[in-house]
Amino acid sequence: MVLIPIVVLIAIVAILIFYNIKIKKEISTLSDMSKKVNNLNVLQNFMDITGEDISVDEKIKKVNEVLIEKFEIKYSTIVVFNGAEYILKASNTDKKYWPNLMNLHMEEVFKESISNAVPKYITVDGEGEKLPYQKLDFGRSRSAIFFPLFIDNVYIGYWIIESSVMHAFDNVDTVLLEVIRDDIVALVKTVSYQEAMESIVRTDQFTALYSAEYLYGRAKAKIDSEPTSTVAMFRITNIEEINNINGRTIGNNIIIEVANWVKTLINSDQIFVRYMGPKFVVVFVGEDNESATDTLKGMREDIESIELEATNEKGEKVYVSPKVNFVLSTYYKGTGVEKVTKKLEEYLDSADKKEHNINYI
């Protein structure tokens, strides 16, 4: 009779053990699924940031903030080599550490990592020790992982994460971190065109207006703040005639006069750039074609009423007035502004030089 309770107890214990193992597996599975979902969310965050209408530097800073928040990293720093120098693109460390962090490629401890394109994990074992690259406040970081960044086997910088705890990354999922590293590289590669556009924007020496590249980089966020906008381009159609008869100096002065006059006619919501030569672009952000056309009618009349008094190359006093031809089109948020301006330019270049209308294409 005693055996029956013992057998029952053993059976109950066995069932409980089996149940606990099953629950543990389910919890582990749920935990893994949760991690995967979290990782997918981080990747989605990266993709969302890449698509935002903000500058390249802002995108990289936002990605760094996501890394710090989602993975509870104490310090995260991204440094990119632009072909001439190392630029610290993002870091949540105090600025006094930035000069040191921008020169980690020169540290002996990381040179092999860069040469072999593999991460480098370093940590200290005692309170009196310091990481090899540290120059200030030795207690700030006691563990670090250095990730060299490569695009198509070309070294383009590094990402380093740090912790104030010794051996903080001993059990970290390095596979996940390498995936994140690859995502950082993908982001840098994706925004390289945008960065190129932002870096080549110049200010025209005659009119003090931004060049056309401004539309494709820095101004894109403003343009895309509305679902649709109207892009208008105009050309001073008689500029060649003015140059031939009166000299290029007077032609340049006409361009300056026109630019200065248009500046007084547009408001802060509109964007005005010198596109190329005698061609200019005005973007009416958030305005439809009808509204923009009303403005352009007055603008055309005002421009053609300009009368520049000057002395030509023969020493004769002359009075010169510009003639302009306008063409406009609709721009849709998220599409290429350069596609619209190219279409407008082709129209103006093929139009009769005597035409000075307001056309819609």
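**Notes on the model**

1. Arginine 181 is buried, at 14% relative accessibility, where buried means under 20% relative accessible area, exposed over 50% and partly exposed in between (1.4 Å probe, protein chains only). Its salt-bridge partner is aspartate 182, with an N to O distance of 3.2 Å; a salt bridge here is a side-chain nitrogen of Lys or Arg within 4 Å of a carboxyl oxygen of Asp or Glu. Aspartate 182 is partly exposed, at 40% relative accessibility.

2. On the basis of the work: this is a predicted model, in which local features need pLDDT of at least 70 and side-chain atom pairs count only at pLDDT 80 or more, while totals for chains, interfaces and linings use all residues. Residues are numbered from 1 along each chain as its sequence is written, and side-chain values use heavy atoms, with hydrogens and water left out.

3. The whole structure contains twelve salt bridges. One of them joins arginine 142 to glutamate 127, with the closest N and O atoms 3.2 Å apart. Both residues lie in the loop between β3 (120-123) and β4 (143-151), and the pair, 15 residues apart, links distant parts of the chain. Helices (H or I, at least four residues) and strands (E, at least two) are DSSP runs, numbered from the N terminus. Arginine 142 is buried, with a relative accessible area of 15%, whereas glutamate 127 is exposed at 58%.

4. A salt bridge also connects glutamate 162 and arginine 140, at 2.8 Å from N to O. Glutamate 162 belongs to strand β5 (residues 154-163) and arginine 140 to the loop between β3 and β4, 22 residues apart. Are these two side chains buried or exposed? Both glutamate 162 and arginine 140 are buried.

5. Salt bridges also form a network, which links Lys279, Lys342, Glu345 and Asp349.

6. Lysine 120 sits in strand β3 and is partly exposed, at 32% relative accessibility. Beyond its neighbours within four places in sequence, lysine 120 contacts Val109, Phe110, Ser113, Ala144, Ile145 and Phe146, contact meaning heavy atoms within 4.5 Å.

7. Asparagine 100 is part of helix α3 (residues 98-101). It is buried, with a relative accessible area of 19%. Setting aside neighbours within four places in sequence, asparagine 100 is in contact with Glu107, Tyr133, Gln134 and Lys135.

8. Helix α9 (residues 239-246) packs against helix α10 (residues 248-265) at about 145 degrees, with the axes 7 Å apart. Axes are lines fitted to C-alpha atoms, for helices over the stretch in contact, and angles run from 0 to 180 degrees between N-to-C directions. On the α9 side the contact involves Ile239, Ile242, Asn243 and Asn246, which meet Arg248, Ile250, Gly251, Ile254 and Ile255 of α10. These residues divide into five nonpolar, three polar and one charged; Ala, Val, Leu, Ile, Met, Phe, Trp, Tyr, Cys and Pro count as nonpolar, Asp, Glu, Lys and Arg as charged, and the others, Gly among them, as polar.

9. The mean pLDDT of the protein is 83, and 83% of its residues reach 70 or more; pLDDT is the predictor's confidence in each residue, from 0 to 100. Over residues 22-38 pLDDT stays under 50, and the model has two contacts beyond four places in sequence for them. Where pLDDT is low, the predicted coordinates should not be read in detail.
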